[in-house]
Amino acid sequence: MPLASSAPTLAPLADLNDAALRTRVQHLLDNKTKPQGALGQLEALALQLALIQGREQPHLDAPQMLVCAADHGIAARGVSAFPSDVTWQMVENFFAGGAAVSVLARQHGIALTVVDCGVRHDFLAGRGEGAQSRSGLIVAKAAYGSDDCTQSPAMSSAVCAAAIAHGEAIVKALPGNVLLLGEMGIANTSSAALLMARFTGVTIEQCTGRGTGLDDAGVAHKLAVLREALALHAGTTEALDILAALGGLEIATLSGAILQAARERRVIVIDGFITGAALLAAHALQPLVLQRCVFAHCSAEAGHARMLQHFGATPLLSLGLRLGEGSGAALAWPLLESACRILNEMASFESAGVSGKDAP
């Protein structure tokens, strides 16, 4: 994908809070053959899907799982329990169908696309002279990995803008009306923690967890490194500049994907901590993006629960997950399908000939 350098399109998003539609859909839900509210969060999800799509009978078409991968310069500071090579090795595992997200996407019939946003590896090598593609892969490198954000911005403004533009372009080309988000990048919990600290004002200690499995000493070292990064970029205040200074190439690409999906009124399924960090940047640019977002789960990664509180979000699942990849989004997918079916197919008291609560 050619390098782009233009700033993201920031025309205001439409406000989806249609009071009349909300009333009609809530009336439909309240008159299903059940006590009002008996399906709990599933009813709230059905209402949200209707509002996103602007219709009383929402339907979900051709769901797309987008997994964005990149390397992080800060990994050289020893903030992860795994070496950077695991990033490209796991991408190969996605292609082989052996990763958790591969299994879950296959189980649920979700199309899986992996984006090389900046992995320091050539996934087309050895595939014949002039090979330009690989099934299930989009090469959209804005750079070959980010820089160490304790020494300089992780990305230049131009590279960050290119990554965002790549995310926008990729979503434009994908079919369907649902986008599920995933990621892969050794050390990306460090970038996510830094972005969370800057965008939410929460202390870095409250944002930082064990990532891929650091012990106590490893977490202490990680925190020391992250404090260096925050100190270096303390004067950075604009949303795009914060993303460039502290983010990762896959996070910036995901932010662009979120912005484009929001414009198209796609349902956006946010996975966990890293995709949530991408949403922090997108939300800072377009606050109404939250109306389009379904939060799949609450991760076991320290900081994620506070991030969800910042968004005012209630996740669908709480399974102690901390894998990433989009695994939580894939696991939550059947709940979206069920919410639509409840709204579209469940009988009302009147149609079923069932007496309602106030019947004589």
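How many disulfides does the count come to? The count is 0, where a disulfide is a pair of cysteine sulfur atoms within 2.5 Å. This is a predicted model: local features need pLDDT of at least 70, side-chain atom pairs count only at pLDDT 80 or more, and totals for chains, interfaces and linings use all residues. Residues are numbered from 1 along each chain as its sequence is written, and side-chain values use heavy atoms, without hydrogens and water.

**View 1. Cys207 is in no disulfide.** The nearest cysteine sulfur belongs to Cys149, 14 Å away. Cys207 counts as buried because its relative accessibility is 0% (buried means under 20% relative accessible area, with a 1.4 Å probe and protein chains only).

**View 2. Cys293 is in no disulfide.** Its nearest cysteine sulfur is that of Cys68, 15 Å away. Cys293 has 3% relative accessibility, so Cys293 counts as buried.

**View 3. The second largest pocket holds about 290 Å³ of space.** On a 1 Å grid over the protein atoms alone, a pocket is an open set of points where a 1.4 Å probe fits, with protein on both sides within 12 Å along at least five of seven lines. Lining residues have an atom within 4 Å of a point. This pocket has 14 of them. Cys293 is one of those nearest its centre, as are Gln48, Phe295, Ala313 and Thr314. Helix H2 (41-53) and strand E6 (293-295) each give two or more residues to the lining. H2 gives the largest share, 4 residues.

**View 4. The largest pocket has a volume of about 460 Å³.** Its lining has 29 residues. Closest to the centre are Asn188, Thr212, Arg322, Leu323 and Gly324.

Definitions and conventions: Buried means under 20% relative accessible area, exposed over 50%, partly exposed in between (1.4 Å probe, protein chains only). Grid points are joined across faces, edges and corners, and a volume is the space filled by probe spheres set on the points.
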